[in-house]
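Visitor: I would like a quick tour of this model. Can we take it question by question?

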Amino acid sequence: MKQTIFALFMLLAAVNVAAQGYQALFEVEHGPYLQALTTNSVVVSFATSDRALSAVELREKGSQEVSTHYMTKDGLRMAYSKHNNVEIKDLRPATNYEYRIIAKPTLKYRPYDIRFGDEVQTEWYDFRTFAPDAETFTFVATTDIHDNARKCEDLLAMHDMEQAEALFMVGDIVCDISREGQAYESIIDVASRLFARNKPLYLIRGNHEVRGSHCRDLDLYFHKIDGRYYSLQRFGSTAVLMLDSGEDKADASAVFNGVKELEQYVDQEIEWLREAVRSKAWRKAAHRIVLIHIPPTSAPMRRVQQLEEILCWGSDSWGEKALDIFNNADIDLMISGHTHQFNFIPAVKGEQNYPLVINDHRSAMTVKVDGDGIDVKVINIDGEVLLEEHFQQ
Ligand SMILES: [Fe+2]
C-alpha cells in the first residue's frame with residue numbers, strides 16, 4: 001500500500017515538474033511587430049511558442065488607463081492559436097502609445113473544459129500614430145532579400161533607422177514559401193529586433209512570395225490592408241501605392257502545373273488601380289510614390305541594353321496593361337526590384353512620366369519626402385552609393 005501511495009506521489013510530482021517546465025518554456029517567441037500603422041489604427045503582430053490566448057494591452061504614454069485588444073475571428077477570440085495579428089482602431093493621430101503582449105498557454109481545450117496556464121507578459125514598447133498633416137515622411141526600402149536575414153541586417157545598418165518612419169520590403173523577401181514559420185527567419189525576427197516593434201513593417205508581394213507550398217499562408221504573418229495584398233495608404237501628405245505585381249511568367253507556364261490564376265488577379269488589381277489613382281487620397285497628396293516588385297516595361301527601360309535583355313513576361317504585361325495609368329497618375333517616384341540589377345531610369349515625358357529606381361538584390365535605400373521634393377539614396381552591401389538624387393516637385 002505504502003509503495004502504491006509513494007508511486008502515485010512521485011507520478012504527481014513528475015506531472016507537476018513537467019507542467020512547470022512547460023510553463024517556463026512558454027513565451028512570446030516572434031515579434032511583436034507593427035503593421036499598417038495609420039493616423040488612427042495599428043496592427044500588432046506576434047507569435048507565442050505554443051497555442052495560447054493572447055492579447056495586446058495598450059495605453060497612451062503617460063496614462064495608467066490600459067485597454068485590452070484581442071485578435072478575433074467571426075466573434076471568437078483566438079484562444080488556440082500561436083500567431084496573432086491584433087487590429088486596434090480608434091487611436092488618436094500624432095499620439096504616443098505604449099503596448100505589451102500578454103499571453104496564457106492553452107493547456108486544455110475541450111468543449112466545456114478550457115484551461116490556460118500562467119500569463120506571461122512582454123515589456124512595454126512604444127509607437128506613435130502618424131499625423132494627418134505631416135509634410136515629411138522618411139522610409140527605408142529594399143527588395144530581393146531572398147530569405148537572407150543576415151544580408152537584410154547588414155543593409156539596414158547602413159541607413160538611419162531611427163529617422164525612418166516605415167520599412168517597406170518590396171518583394172522577393174520570403175522566398176518560395178515552403179514551411180510554417182519561414183517568414184520569421186526571413187525577415188520578421190530581424191525586422192522586429194531592429195525596427196518593427198516601434199514602427200511599421202510592410203511586405204509587398206513579389207513573384208517569390210506567390211511560390212512554394214505555404215505561400216497561401218502569407219497572410220498569417222502579413223496583414224492585408226483592406227483584405228488585399230495591394231493598397232493605397234497616406235503617410236501625412238505622401239500617398240504610397242503598394243502594388244502586387246504577381247508572377248514573372250504566365251499562369252500557363254509548365255512549371256506552375258495549373259496552380260495559378262494570377263493573371264486574372266492582376267487584371268482585377270489594375271481595375272482597382274484605375275480607381276485608386278482617381279481617389280482623393282491620391283490626387284490631393286503632395287507626393288505620390290509607387291512600390292511594385294516587378295517594374296512595368298516602358299520605352300526608356302527598353303533602351304537600356306542590359307536591362308532590356310532581362311525584362312520578363314511580368315514586366316511586359318504590366319507595361320502593356322498599366323503604363324497608361326501610371327503615366328497619367330502624376331507619380332513622383334516608382335520603386336521596383338526583381339531584376340537583381342541596379343538601374344535608375346529618369347522620367348521621359350510621354351514615355352515614362354516618372355523616375356524609376358530598380359533596386360538590386362544587394363542594396364537598400366532611404367527615401368526622404370519633404371516640402372522640397374523627394375531625396376533618394378541607394379547604398380549597396382559594400383557601402384557604395386549607387387544613387388543620390390533629389391526629385392524636385
Ligand atoms: Fe522577383
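Guide: Helices (H or I, at least four residues) and strands (E, at least two) are DSSP runs, numbered from the N terminus. One caution before we start: this is a predicted model.

Visitor: Which strand holds M334?

Guide: The strand in question covers residues 333-336. M334 lies in it, and its name is β17.

Visitor: Is M334 buried or exposed?

Guide: A residue is buried if 20 or more other C-beta atoms lie within 10 Å of its own. M334 has 25 C-beta neighbours inside 10 Å, so it counts as buried.

Visitor: Which residues does M334 touch, not counting residues up to four places away in sequence?

Guide: Contact here means C-beta atoms within 7 Å. With residues up to four places away left out, M334 touches V290, I292, Y354 and L356.

Visitor: How far apart in space are M334 and M161, C-alpha to C-alpha?

Guide: In sequence, 173 residues separate M334 and M161. In space, C-alpha to C-alpha, the separation is 21 Å.

Visitor: Which residue in β17 stands opposite L291?

Guide: Strand β16 (residues 287-292) and β17 run parallel, joined by three bridges. In β17, the residue opposite L291 is I335.

Visitor: How many C-beta neighbours inside 10 Å does L53 have?

Guide: L53 has its place in strand β2. Leaving aside neighbours within four places in sequence, L53 is in contact with R77, A79, K104, T106 and F116. L53 counts as buried because its C-beta neighbours inside 10 Å number 22.

Visitor: What is the C-alpha to C-alpha distance between L53 and I102?

Guide: L53 and I102 are 49 residues apart in sequence. In space, C-alpha to C-alpha, they are 8.5 Å apart.

Visitor: Which strand gives the most to the side of domain 1 that touches domain 2?

Guide: The centres of the two domains, taken over C-alpha atoms, are separated by 29 Å. Their contact takes 16 residues from domain 1 and 17 residues from domain 2. On the domain 1 side, β1 (28-35), β2, β6 (81-88) and β10 (125-128) each supply at least two residues. The strand that gives the most, with six residues, is β1.

Visitor: How many charged residues does that side of domain 1 have?

Guide: By class, the side of domain 1 that touches domain 2 has eight nonpolar and seven polar residues. The number of charged residues is one.

Visitor: Why is one side of β13 and of β22 left without a neighbour in the sheet?

Guide: These strands belong to an open sheet of six, in the order β13-β12-β11-β20-β21-β22. β13 (201-204) and β22 (385-392) stand at its edges. One side of each is left without a neighbour in the sheet because each has a single partner strand.

Visitor: How many residues of β12 are buried?

Guide: A166, F168 and V170 point one way from β12, and L167 and M169 the other way. All of these are buried. β12 is therefore largely enclosed by the rest of the structure, its buried residues being five of the five.

Visitor: What is the bridge partner of T142 in β12?

Guide: Strand β11 (residues 137-142) pairs with β12 (residues 166-170) in the parallel sense, over four bridges. V140 stands opposite L167. For T142, the bridge partner is M169.

Visitor: At what angle does helix α3 run to β12?

Guide: Helix α3 covers residues 182-196 and lies across β12 and β13. Its angle to β12 is about 155°.

Definitions and conventions
Residues numbered from 1 in each chain as written. Predicted model: local features only at pLDDT ≥ 70, side-chain atom pairs only at ≥ 80, totals over all residues. Pairing = 2+ DSSP bridges. Contact = placed C-beta atoms within 7 Å. Axes fitted to C-alpha atoms, helices over the stretch in contact; angles between N-to-C directions. Domains from an automatic or database assignment. Nonpolar A, V, L, I, M, F, W, Y, C, P; charged D, E, K, R; others polar. Buried ≥ 20, exposed ≤ 12 C-beta atoms within 10 Å, placed from the backbone.
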